[in-house]
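Please keep the sequence and the structure in view as you read.

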Amino acid sequence: MLDIISILFVLFGLGFLLASIKPTYSICKDIEHKGWCALFVLILAFILGYVFFLIVLILNPVSIVELGLSAILAGGGAFVVIIIQLSLHSITTIKNDAAMRYFESRHDALTKLPNRLCFTEQLAKAITVSKPFAVVMVDLNRFKEVNDTLGHAVGDKLLVQIGQRLQNSLEEPNILSRFGGDEFALILHDVDEETCLHETKKLMDSLEDSFVIEENLLVIDMSIGIALFPNDGINGDVLLKNADIAMYLAKQNKQHFVLYDSTKDTLSPKRLNIISKIQNALNHDEFELYFQPIVDPKNLTLRGFESLIRWPQPDGSMISPGEFIPLIEQSRFIGKVTRWVIRHSIQRIHAWNQGKLRLNISVNLSATDILDKELVPYIKKCLETHPVSPDLLCFEITESAIMLDVDRAKHVIDDLFSMGITIALDDFGTGYSSLSLLRELPAQIIKIDQSFVMQITTNTGDYAIVKSMVELCHRLGKKVVAEGVESLEVLEKLNAVGCDFVQGYYCSKPLSYDDASSWLSLYKERGNKVTELGYKPHFI
């Protein structure tokens, strides 16, 4: 009986050792450490030892000593297989955790698409292969409106669905990445210009159908910039920069896509440099407000000022407003810059009106501003901090900005109007639905664009248009401001047709705060009357 039990113990131990061979070998291959290789050799040696002892038990009588030794060998085999299995489980868990961390470090947490780091690695590999490919930058249009109106939870779900649609429109081995926010990037392999445009059309088609998220029906389109390797760059940074420039041009020109063209990129380094300095300019209060007077042509009295942002540089030069304002309007800084202008404008007019002048201040709002649901509360807070009568604050909104989202614009304008704030429809006559806006919006002031004003003394067509605009606005109970007044003859013509207010270099160029304060002091000294000869203030 003892011999049978002893033999069974040894067989069990041998079975355990044999069961440990495969996992130990797997660990040796994965870990590639000498210790595990030595353990694998020892297990093989133990197996030979167990076999030898088993033969001894079969051929010889078994005593209590051999029985005890057989039990120890059974336990030893079990111990080895348990240790090996636990080690394999731990190693597998560590490997899986490492793989997960690696995946998370190279993929977007929301959409699970490759992130910027992964994209740049794949871009470097594509360049190494040296076959033609395209880098495509995609920016969603008006996505901020979804976040502001419906909340970030809806915006996140929309981004996930957009990522899925874009991914489904691609074929292997093309790569889609989410760079952050509402910006995506792609690598289209083995494409020429024609094939690239075909793939781009598929991307646009993928977003053609509306999205349904929490019972909200959403329509999203995108602006696309394309740079081709090697024509538009031979390294990753240049390709990304050029694709981004092309995407910016698509957004600026309201085109679906733009291929990078070096001939249209003469200002791109300067543009990128300007964008990089905007946040620093806000942090260090580098911007300044300039003020252009708005004058009553009948009696040459001052109605108020239009507030204009300027950006002086340390060397005394100025970055042209025509350069940096469009960049700000297309960037994520537009809200911060608008708030800066509003706050400082209210501060300045509050200080000036301590002299009982009751001057108005006009501030421009962009298309992005009127989609900002936090704008109205911010204005209320500024008026509480620096008490100014709301009717002395005027916001100028262009027709093109309103037409991007008429319903949202009406809502914001109605809120401002209900506070007693004055609304001006800027650049009137340059859009395509001015008459309907005149009827529907509570705008008290209409600003006639300078393109109609500057030639009214020599162009009978412009004169007729301006005269008709003034008459129409007056019949609707609205005041009229004419921009671009640069001569006495133009001012007299405008006065003759009944224009309420004028603005332009003939009255005054835009003035810094100190110069505007001096200008006001002289204005009051001369009996609150002003005229302009040439481009220098002259008071009567």
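Glu214 has a relative accessibility of 46%, so this residue counts as partly exposed. The model is predicted.

**Positive phi angles**
- Most residues other than glycine have a negative phi.
- Glu214 is not a glycine, yet its phi is positive, about 50°.
- Glu214 sits in the loop that runs between β4 (211–213) and β5 (216–218).
- Leu300 also has a positive phi, about 55°, and is not a glycine.
- The loop between β8 (288–296) and β9 (301–312) holds Leu300.
- Leu300 counts as buried because its relative accessibility is 17%, and buried means under 20%.

**Cis peptide bonds**
- Most peptide bonds are trans.
- The bond from Glu172 to Pro173 is cis, with omega near 5°.
- Pro173 is placed in the loop between α6 (152–168) and β2.
- Phe229 and Pro230 are joined by a cis peptide bond, with omega about 5°.
- Pro230 belongs to the loop between β6 (222–229) and α8 (236–252).

**Gly180**
- Gly180 is part of strand β2, which covers residues 175–180.
- Its relative accessibility is 31%, so Gly180 counts as partly exposed.
- Gly180 and Leu110 are 70 residues apart along the chain, and their C-alpha atoms are separated by 9.9 Å.

How values were computed
Residues are numbered from 1 along each chain as its sequence is written. This is a predicted model: local features need pLDDT of at least 70, side-chain atom pairs count only at pLDDT 80 or more; totals for chains, interfaces and linings use all residues. Side-chain values use heavy atoms; hydrogens and water are left out. Helices (H or I, at least four residues) and strands (E, at least two) are DSSP runs, numbered from the N terminus. Buried means under 20% relative accessible area, exposed over 50%, partly exposed in between (1.4 Å probe, protein chains only).
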